[in-house]
Amino acid sequence: MSQTQDLKTLVGQLFMVGFDGYSVPSEFKNAIQQHKLGGTIYFKRNVQSPAQLAELSNEIQFSCRSSSDPFLFVGIDHEGGKVNRLVKPFTKFPGNENLGEINSPKMGFQFGVILAKEIKAVGINVNFAPVVDVNTNPENPVMKGRMFSSDPEVCGKLGSAVCRGIQKMGVAAVAKHFPGHGDTQVDSHFELPKITKTLSELEKVELIPFKRMVRSRVEGVMTAHILNSAIDPDYPATLSEKTIQPMLRQSMRYSKLIFSDDMEMKAIVDHFGAEEAAVLAVKAGCDILIYRGDNGVPLGAMEAVIKAVESKKIPLAQIEASVERILNCKKVYAFQKEAIDVTQAGDFIGLPDHFKLAEAIQNKEKLPDLMIDDGE
C-alpha cells in the first residue's frame, strides 16, 4: 500500500456518513470499500422494521466491508422524546425532562440499559446520547424537552447514570453538546447560535455535567456548533482549537473520542464552507466528523483533509492519534463475530418491562420492578 493510500485509509476512518433508503446505496458501498469510511448514522429514512434494520447493519458490516478492514461505527440519535428515529415496535420513551423531574439515577441507568438493548439488537453500536446540556434558557428552540434540568448537578448525575446503562449493554454513549447548548436562542440546524459566557461562567454551570461524564468514562463527547466570542471570537466550538484543546483535552483530561455535530448544518456550511469546515474541525481536535449525507458522501471534505495533512496544515501524528482512539473504541463496541440473526432482532425490542419503564417515566412515578440488572 502506498503512503497516499495509507493516508486516504486513515482519513476515511474520521468520517461517519448517513444515506437515504432501507438498503446500502452503491455510492456508499464504494466509500466503504475505496475510502475505508469509518461509519454511518441512521435516521427515520433508514428504518422500516427491526428485521430490516438488522439486515441493513449486516449488509454494512459483512457485505460492504472487507474482512481485513475495521468494523464500522453505526450510530443513531436515540435520546427519547422528540429525538427518536425508531418507530413501533421500538419502545417510545418520554424526553429527558421527565427523568430530570424524577431525579432517580437508578431509573436513568435502567433507561440507558433499555435504550441500548433495543438498538444493539439491530446492529447499532453508537448512541448520540445522553444530552447533558443545562436548561438555562426556557426559550431555547431546539433543546426544549431534551435536557434533564436547569440544575447542572442533576444533569451530570442523570447523564452519568444513562451513560453507564448504555455502555453496560455494549453500546458507546456520546454526551452532547460540548461546551453546552442550553443557553442558545437559535437553532444551529438553520443558523449559527452565539453566546458570550466567560470560561469562569461556563465552569459554574455548563461544564459541570461534562466533567461528570468524563469521570464516568463516556466513550464520546459531541461538540456544539455554537460561537462563544468570550472563548473564540472566530470559530464555533466544533471548529475551535481554543475550545476543544484547552477545555476538553487538557483541563478535563478527556482522552476518548470527540465527535462533531452534523457538519451539514447551516451553522457550519453557511459560514465556513463544507471543505474548509472539515479541515478546521479536524485541526481543532475532532476525531470523527458526522455528515447527515443529504449531499451524498463528502468526498470533497475527505480530500481537503488529506491535502491539509500533505501540506502539514494538520500533523499526520494527530490523524494517527485520532484513528488509534477510533480503533480502540471499535475493538470494544463495534466488533462482531458474526452477523445478527434477523429473525431474532425483534425479541429484544418493545418488551413488557420496557413499556413499564417508559410509562413510569411518562407518569413521573418511582422505578417499577423490572427483570433487569440494576447495575448497582
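Predicted model: local features only at pLDDT ≥ 70, side-chain atom pairs only at ≥ 80, totals over all residues.
Let's start with helix H5, residues 105–120. What does H5 pack against? One partner is helix H6, residues 152–168. Their axes are 7 Å apart, at an angle of about 35 degrees, and the crossing is right-handed. On the H5 side, the contact residues include Gly 108, Phe 109, Phe 111 and Gly 112; on the H6 side, look for Leu 158, Ala 161, Val 162 and Gly 165, among others. Sorted by class, this contact has nine nonpolar, three polar and three charged residues.

Now please turn to helix H14, residues 352–362, which also packs with H5. Here the angle is about 135 degrees and the axes are 11 Å apart. An angle over 145 degrees would count as roughly antiparallel, so H5 and H14 are described as oblique to each other. H5 passes H14 in a left-handed crossing. The contact is made by Met 107, Gln 110, Phe 111, Ile 114, Lys 117 and Glu 118 of H5, together with Asp 353, His 354, Leu 357, Ala 360 and Ile 361 of H14. By class, that gives six nonpolar, two polar and three charged residues.

My last stop is helix H9, residues 241–251. Which of its residues are buried? They are Thr 243, Ile 244, Met 247, Leu 248 and Arg 249. Looking down the axis of H9, you'd find these buried residues within an arc of 160 degrees, so they line one face of the helix. After H9 comes Arg 253, with a positive phi near 55 degrees.

Definitions and conventions:
Residues numbered from 1 in each chain as written. Heavy atoms only, no water. Axes fitted to C-alpha atoms, helices over the stretch in contact; angles between N-to-C directions. Helix = DSSP H or I, 4+ residues; strand = E, 2+ residues; numbered from the N terminus. Left-handed = near helix turned anticlockwise from the far one by under 90°. Contact = heavy atoms within 4.5 Å. Nonpolar A, V, L, I, M, F, W, Y, C, P; charged D, E, K, R; others polar. Parallel < 35°, antiparallel > 145°, perpendicular 65-115°, else oblique. Buried < 20%, exposed > 50% of the residue type's maximum accessible area, 1.4 Å probe, protein only. Arc of directions from axis to C-beta.
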